[in-house]
Amino acid sequence: CLFSEVYQFNFYLCSRFEKSSNLKHFKKISMSNFVDYVKIHCQSGHGGAGSAHLRREKYIAKGGPDGGDGGRGGHVIMKGNAQEWTLLPLRYTRHIKAENGQPGGKNQLTGRFGEDVYIEVPVGTVARNENGEILGEILEHGQEIILMKGGKGGLGNEHFKSATNQTPRYAQPGLPGEEGYIIFELKVLA
């Protein structure tokens, strides 16, 4: 039973802290701050659009296409942390959103990648999607699992030039990121 486990753990901590002089810094552990189940809405970043730029310089006539690719959207990553022992820091977190990728620029400049979002969880946490399928499990400190991949950036018009189409005036848009609810559950021995 989970309650008896927490009670035994409380008894162990109380007996340990009674012997030390730091009683005033001891925070009593109760059922209210031990959380082993959290459901969060997560969204990875969208990919940036490719650029349809044409090279324009003073002494270069018909410079041709030089649009860069869009940047990848940010991932949503679950990371193991041995210092955590409960999912309490995530209890009131309802939405997690990664940054979108930036669009490509002129002179074949690739857009900046979106910043990844790290969700730190204790060791022994299992992540599931809404259908109950297991996405991953954290088994050691520092382990990282990508829960939702960011959208791929679109290709610039530099990729579409050919002998028959020498000045393509179009580029690909970025792909959308993934979105949905993720359930984090901490495995506790009974």
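Select Asn-107 and show its side chain: in this predicted model, Asn-107 is exposed, at a relative accessible area of 58%. You'll find Asn-107 in the loop that runs between strand S3 (95-97) and strand S4 (117-121). Now check its backbone: phi of Asn-107 is near 60°, a positive value in a residue other than glycine. Most residues other than glycine have a negative phi.

Next, jump to Lys-62. Here too phi is positive in a residue other than glycine, near 50°. Lys-62 belongs to the loop between strand S1 (37-43) and strand S2 (76-80). Buried or exposed? Lys-62 is exposed, with a relative accessible area of 82%.

Time to head inside. Select Cys-42, Met-78, Leu-87, Ile-119, Val-121 and Phe-184: these have the most contacts inside the largest nonpolar core, a set of 21 residues. Color the strands as well, and you'll see that S1, S2, S4, strand S7 (144-148) and strand S8 (179-186) each supply at least two residues of this core. In soluble globular proteins, nonpolar side chains tend to be buried together.

Stay on Val-121 and bring up its surroundings. Which residues does Val-121 touch, leaving out those up to four places away in sequence? They are Met-78, Lys-79, Gly-80, Asn-81, Glu-84, Leu-87, Leu-90, Ile-138 and Phe-184.

Last stop: color by pLDDT. The protein chain has a mean of 85, and 82% of its residues reach 70 or more. Then select residues 1-29, where the pLDDT is below 50; this stretch has 23 contacts in the model beyond near neighbours in sequence. Where pLDDT is low, the predicted coordinates should not be read in detail.

Definitions and conventions: Residues are numbered from 1 along each chain as its sequence is written. This is a predicted model: local features need pLDDT of at least 70, side-chain atom pairs count only at pLDDT 80 or more; totals for chains, interfaces and linings use all residues. Side-chain values use heavy atoms; hydrogens and water are left out. Helices (H or I, at least four residues) and strands (E, at least two) are DSSP runs, numbered from the N terminus. Buried means under 20% relative accessible area, exposed over 50%, partly exposed in between (1.4 Å probe, protein chains only). A nonpolar core is a set of buried Ala, Val, Leu, Ile, Met, Phe, Trp, Tyr and Cys residues joined through side-chain atoms within 4.5 Å. Contact means heavy atoms within 4.5 Å. pLDDT is the predictor's confidence in each residue, from 0 to 100.
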